[in-house]
Amino acid sequence: MTVRWGLIGASTIARQFVIDAIRAQADGEVVAVMSSSPERAAAYARENGIPAAFSSLNALLDADIDAVYISTTNELHLEQAVAAAKAGKHVLCEKPLALTSGDARKILAACKAAGVVLGTNHHLRNAGAHRAMREAIAAGKIGRPVAARVFHSVYLPEHLQGWRITKPEAGGGVVLDITVHDADTLRFVLGEDPVEISAFTQSAGMAGSGLEDGAMCVWRFQSGLIAQSHEGFTTKFAGTGFEVHGTEGSLIARGVMTQKPVGSVTLRTATGEEELSFDREDLYTRSLRAFHAAIRTEGKPSATGEDGVWSLACAEAALASAKTGRAVTIETGLGASA
C-alpha cells in the first residue's frame, strides 16, 4: 500500500528534509501541499514536483491522501491536527504539538478516537549518535548515570527568524523551539522522565515582543539524576554537544544536536577512551520509516503523540520556572512513559 502524503504548510523544513524522506520510502508519495496563500502553494508544488496544491485545509483533507505532515506555525497545529484526525488521516506534526500541553492532549485524544497514527517530529531521536548513547547506557557501559549536560545554543539564521522571535501568539521563543527538543532527547537517551525543572531565560538582542532567545535549565529526573541544558538563538560559535556522566564512565558527544547525521560520541572509562561507531542514516528517513511501519501496525512512530505531550509539558514548566523564579514540577497528565 502506498502512503499518500499531504503537506500542511509549504515550509522550509519540508523542502529541505521531509519531502525527500517520504520519497525515500518504498511506499511513500507526496501528492499534495496546502498553504493559505494560493500563489505560494502553487509555486511550492511546482518547485518540488508535487501534483496538487490547495489553499484551504478542507480542500486538502478532501483529497486522496492517507497522512498529513504539519509544519505550520505552532498556533495552527491544534485545529489542523484535529481536523486531519477527524478526516481519517494519519498525523505527523512538528513540535511543539500545540501551544499548551492541554491542547496537545486534545490532539492525542482526537487521533485515538479516529484510530489514526499520531507522531511528533522530534528528529533528534533518530540520530545514530543519540541511539548509540542510549544503547551504551542501557548496556551499563557508564554504570549508573548521575548527571547530563546538553549544549544546544546556536545562531538562528535570518531566514528562520521571523515569527520565532517576534510573535508570542504563534508560539515563538527559544523554549518552544529548542528546549522541547532537549527535553525529548534527554528522555530518549536516558530512558527516564524528568520530574522537576528550574530555568532562567534571557533576551540577548535577537528576540522582541517579550520573547526569550536564550535559556538555561536544570532538570531533576526520577532516578535522582540531574541535568543542565543551554538553548539559544544568538550564539554563533558555541557548537553543540551532549554529555552523560555515570559512576563508571562518561559519554561525550560533540556536534550531535543537529538535523544532520554528523558528530562523534566518545566513551570514557577507567580503561581509556573509545570512539563509538553509529549509523549515519538521515534522521528524517528513519523517522518516516518508523511512521510508515506504525501505519501498518508494525510498531510506533519514533516519537509518539505522548512524547510530544511530554516535551511540551517540560517547556511549559521551564517557562513557568523562569517567570516565577522557582523550581516547577513537570505535569503531563499521562504518567511515566519514557
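Me: Let's go with the pocket. Which element gives the largest share of the lining of the largest pocket?
Reply: First, some housekeeping: this is a predicted model, where local features need pLDDT of at least 70 and side-chain atom pairs count only at pLDDT 80 or more, while totals for chains, interfaces and linings use all residues. Residues are numbered from 1 along each chain as its sequence is written, and side-chain values use heavy atoms, with hydrogens and water left out. As for the lining, the largest share is 4 residues, and it comes from α1.

Me: What is the volume of that largest pocket?
Reply: A pocket here is an open set of points on a 1 Å grid over the protein atoms alone, where a 1.4 Å probe fits and protein lies on both sides within 12 Å along at least five of seven lines. Grid points are joined across faces, edges and corners, and the volume is the space filled by probe spheres set on the points. For the largest pocket that comes to about 1200 Å³.

Me: Which residues lie nearest the centre of the largest pocket?
Reply: Lining residues are those with an atom within 4 Å of a point. The largest pocket has 43 of them, and nearest its centre lie Ile13, Leu160, Arg164, Asp177 and Gln259.

Me: Which elements give two or more residues to that lining?
Reply: Helices are DSSP runs of H or I with at least four residues, strands are runs of E with at least two, and both are numbered from the N terminus. By that naming, the elements giving two or more residues to the lining are α1 (12–23), α4 (77–86), α7 (158–161) and α8 (174–190).

Me: How many residues of the lining are charged?
Reply: Ala, Val, Leu, Ile, Met, Phe, Trp, Tyr, Cys and Pro count as nonpolar, Asp, Glu, Lys and Arg as charged, and the others, Gly among them, as polar. The lining has 15 nonpolar and 22 polar residues, and the charged ones number 6.

Me: Where does the largest pocket lie relative to domain 1 and domain 2?
Reply: The domain bounds come from an automatic or database domain assignment. Domain 1 (3–123 + 285–303) and domain 2 (125–280 + 313–329) both give residues to the lining, so the pocket lies between them.

Me: What feature does UniProt place at residues 130–251?
Reply: UniProt positions use the numbering here, with shortened feature names, and annotations may be inferred rather than shown by experiment. In the model this stretch is 25% helix and 34% strand, with its end C-alpha atoms 10 Å apart. The unreviewed entry calls it "domain: GFO/IDH/MocA-like oxidoreductase".

Me: Is α8 largely enclosed or exposed?
Reply: Buried means under 20% relative accessible area, exposed means over 50%, and partly exposed is in between (1.4 Å probe, protein chains only). α8 reaches 23 Å from its first C-alpha to its last, close to the 24 Å expected for its 17 residues at 1.5 Å a residue, where the expected span is 1.5 Å times one less than the number of residues. Of its 17 residues, 17 are buried, so α8 is largely enclosed.

Me: What phi does serine 209 take?
Reply: Most residues other than glycine have a negative phi. Serine 209 is in the loop between β8 (194–202) and β9 (214–221), and it is exposed at 52% relative accessible area. Although it is not a glycine, serine 209 has a positive phi of about 60°.

Me: What is the relative accessible area of threonine 297?
Reply: Threonine 297 lies in the loop between α9 (283–295) and α10 (305–324). Its phi is positive, though it is not a glycine. Threonine 297 counts as exposed, with a relative accessible area of 71%.
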